[in-house]
Amino acid sequence: MSSCDCQEYPDLTLERTAISGRARKTKHLKGHLVQIADGPDEGDGLFRCPICQQLWQRNFAWNWGNKEYLFRVPETSLEDWIKEPFVAPDAVLIYVAVIDDFISKQKFALAGENCRRQPCGHLRISSSAFCLRHHIESLQRNRMLPQTPPGRWWGPYLKLAPNQLWEYVASEQSRLES
Ligand SMILES: [Zn+2]
Ligand SMILES: [Zn+2]
């Protein structure tokens with residue numbers, strides 16, 4: 001085979017249909033790829049196209065009935081990838097959608113006292129013993145909001161990485177405090 005169709009599978013957008021559409025085409029796509037590593041979690045894998053050299057990561061989309069799907073990833077060493085695979089788009093999608101929804105649907109107001117987390121220095125929000133960031137973190141710990149997805153943030157998803165969320169949350173907190 002002298003040509004491949006890797007180029008026909010762009011980076012996945014964060015829509016449910018993008019993940020399910022890719023899952024449907026994964027069997028075909030995988031047909032010309034070669035698996036080069038197993039991930040730390042069962043079923044995760046790294047593949048390479050022997051024609052164009054593109055790397056692909058395989059994950060199972062838990063929220064989609066644990067469907068197998070592949071997505072293109074940047075060049076990396078096997079050693080680095082095994083240590084920390086790339087963050088999976090299905091996990092990013094759920095994380096971003098739920099946290100965005102949580103932040104945008106509520107009207108946060110401040111109470112007069114300090115956040116209970118020490119050392120923090122911010123005021124607590126009225127619906128919690130914590131400031132906005134520590135409130136979100138405590139909901140994540142208590143599984144009332146999705147955990148930050150594991151893995152290396154990269155390419156199209158970098159702008160959604162946790163540091164971006166915390167920057168936004170910090171700006172909301174200072175807006176409330178000003
Ligand atoms: Zn290819
Ligand atoms: Zn705090």
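1. Arg48 of the model stands opposite Leu55 in β3. β2 and β3 pair in the antiparallel sense over 4 bridges; strands here are DSSP runs of E with at least two residues, helices are runs of H or I with at least four, and both are numbered from the N terminus. Two strands count as paired if DSSP finds at least two bridges between them. The hairpin of β2 and β3 has 6 residues between the strands, and Gln53 there takes a positive phi near 75°.

2. A word on provenance: this is a predicted model, in which local features need pLDDT of at least 70 and side-chain atom pairs count only at pLDDT 80 or more, while totals for chains, interfaces and linings use all residues. Residues are numbered from 1 along each chain as its sequence is written, and chains are lettered from A and ligands numbered from 1 in the order in which they are written.

3. Gln35 has Phe47 in β2 as its bridge partner. β1 and β2 also form a hairpin, with 6 residues between them, and Gly43 in the turn has a positive phi of about 90°.

4. The largest nonpolar core has 22 residues, and Trp56, Leu70, Phe71, Val87 and Val92 have the most contacts inside it. Such a core is a set of buried Ala, Val, Leu, Ile, Met, Phe, Trp, Tyr and Cys residues joined through C-beta atoms within 7 Å. Buried means 20 or more other C-beta atoms within 10 Å of the residue's own, exposed means 12 or fewer, and partly exposed lies in between, with C-beta atoms placed from the backbone.

5. Which elements give two or more residues to this core? They are α1 (16-30), β2 (45-48), β3 (55-61), β4 (67-73) and α3 (89-105). α3 gives the most, with 5 residues. The core draws at least three residues from each of domain 1 (6-83) and domain 2 (89-177), with bounds from an automatic or database domain assignment.

6. Phe71 is worth a look: leaving out residues up to four places away in sequence, it touches Leu12, Arg22, Trp56, Gln57 and Pro89. Contact here means C-beta atoms, placed from the backbone, within 7 Å.

7. Finally, Ala18 sits in helix α1. Ala18 is partly exposed because 18 other C-beta atoms lie within 10 Å.

Key: Contact = placed C-beta atoms within 7 Å.
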